[in-house]
Amino acid sequence: MSDSAVKVAVRVRPFNQREKGLDAVCCIAMAGPTTTINDVDGGTGEETFTFDYSFWSHDGFAISDEGLLIPEDGNSPYVDQKKVFDCLGVEVLNNAWTGYHCCLFAYGQTGAGKSYSMVGFGPNKGIIPTTCQDIFRRIGENHDPAKHFEVTIGMLEIYNEKIQDLLIHANQRTKGGLEVRESKQLGIYVQDLTKRAVNSYEAIEDLVDEGTANRTIGSTLMNATSSRANTVLIIEFTQVTTYDMGKEGRKLSVIKLVDLAGSENAEQTVAIASAINKSMSALRNVISALADKGSGKLKKGQLIPYRDSKLTRLLQNALGGSSKTIMICAVSPASSNYEETLSTLRCADRAKKIMNHAEINEDPTEKLLNQLKRENERLKALLGGQGVATGGGPNGAGGSAVSEAERMRIVENHKKEIAAIEKALEEEEAAKQAAKQAAERAKEAARDEGLRRFRQEMDRIKTLIQTLESQLAGNDASLTVGDLSVVESHTRRGGDCLKEAVDYLSSKHTTQAGGVVR
Ligand SMILES: Nc1ncnc2c1ncn2[C@@H]1O[C@H](COP(=O)(O)OP(=O)(O)OP(=O)(O)O)[C@@H](O)[C@H]1O
């Protein structure tokens, strides 16, 4: 387990046309990791914050022939898309390769530049496309035939407190939206979300285009075409290693890349904002509670309010959970947005106090075999790599000598460790088999029980029919509709029991016939 604080980056954009037209004044300054905000209009002074990164993208850029915004010269402080990816995207990928669940989310006022950083515009590609591209570049660099990779993509939006599957057309979605669930392996996940397997960057690009076209679009005061929903791209990245003894080890990383809706207060947005506001205020409350927890100020018995919105529930693992998380805060440079920018910086300042406890998500086989590999490395280093004399090894003449007895002890220990790992693997396999057999036995028992109940119901029906027949033959006046409905209900119950048994038998046939129902 690796304890690490949520990483926080702040990025300030250039003035937009409207701000330029109003002769806007810049209220942000950055130096190294610090960001300072100055209340130039209100005169209440300045506040300085320190983050993991303070990205200056306000000025000092030139536009290349390909349309890329790049630093205008070697001394320019301008941070371009590449630099942002190198600082944040590369870290996400490194963590994913290690086997951590990862989350990178963009927070900030509408029009502050969240989508620019996450998605990008035109040739200035953001973190999401570049990360997706880099996944397949890295996979392409793998030359280990024992290793292969599985990548799936899901895309959703949270709009009006409903989770919608963006890889499904709006008119084919379930009315109430999807639900957030939790599992040991996947962490927090969205039940029934479409997952599509992809084997190239182009395939991801096509899916993201499809998902983007399915988004819900609303307008805000600051940005006529901006999205008022939270959009999440979920990449499930699995590394599969086949080992000599035919065993497969799997390491999984779920990467959530999140472009949030605008964080501003209700009065600054149009009518539909209330539900969006709910998720944003819930997010701020979760961040505050976790920051309090991180600094030991959380009140006794106080819960982290993850369940107050779909967004916070979905980000539960990312905030205070077992994921490696990065928050990028986009801010406007204009003094007219001072209040919102200050509120964003304060939220970012609290977020950096959140502690996560990231875990590598590998199955037991992978874990044990990795342990074995590490042991091997350690042994090799001990016996040769550190200039230790091994009585004839390549470094024999050089460093401090290890006695024959010591060498034997190391080798013996190593043998014992290997034996322990092999035993653990055998036990794991035996436990798997035992669980499988127990599940089979439970199924058999369920089928037997189904058949037994079916027979019992049939016997009852037979007796009832015989009674009815004799009553009818004797023209019995006491015969009622109720008598018939008793027969009917037993028939129905018998039918249900039979269905259970038939379902069981057909599922057994399906498994045995490799997917073909006979
Ligand atoms: N770092 C940057 N460099 C150059 N232009 C930028 C930068 N950041 C944002 N912009 C420009 O600012 C405008 C608003 O940015 P963007 O759409 O990314 O904001 P947003 O925060 O995602 O807004 P919304 O919440 O409405 O989706 C865009 O025209 C974008 O090109």
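Reply: Two strands are said to pair if DSSP finds at least two bridges between them. In this predicted model, alanine 29 has threonine 36 of S4 as its bridge partner.

Me: What makes S3 and S4 a pair of strands?

Reply: The requirement is at least two bridges. S3 and strand S4 (residues 34-38) are joined by 4 bridges in the antiparallel sense, and therefore they count as paired under the cut-off of at least two bridges.

Me: Why are strand S3 (28-31) and strand S5 (46-50) placed at the edges?

Reply: The open sheet has 3 strands in the order S3-S4-S5, with antiparallel pairing. S3 and S5 each have a single partner strand, so one side of each lacks a neighbour in the sheet. From one strand to the next, the twist averages 20 degrees.

Me: Which helix packs on the sheet, and which strands does the helix touch?

Reply: Helix H8 (residues 338-351) packs there, touching S4 and S5. Contact requires C-beta atoms within 7 Å. The direction of H8 makes about 150 degrees with that of S4.

Me: What confidence does the predictor assign to the chain?

Reply: The pLDDT averages 83 over the chain, and 87% of the residues score at least 70. Over residues 266-271 the pLDDT is below 50, and this stretch has 11 contacts in the model beyond near neighbours in sequence. Residues 386-400 also have a pLDDT below 50, with 28 such contacts.

Me: How is the chain divided, and how many Å separate the domain centres?

Reply: Domain 1 covers 2-362 and domain 2 covers 403-512. Their C-alpha centres lie 47 Å apart.

Definitions and conventions. Residues are numbered from 1 along each chain as its sequence is written. This is a predicted model: local features need pLDDT of at least 70, side-chain atom pairs count only at pLDDT 80 or more; totals for chains, interfaces and linings use all residues. Domain bounds come from an automatic or database domain assignment. Axes are lines fitted to C-alpha atoms, for helices over the stretch in contact, and angles run from 0 to 180 degrees between N-to-C directions. Two residues are in contact if their C-beta atoms, placed from the backbone, lie within 7 Å. pLDDT is the predictor's confidence in each residue, from 0 to 100.
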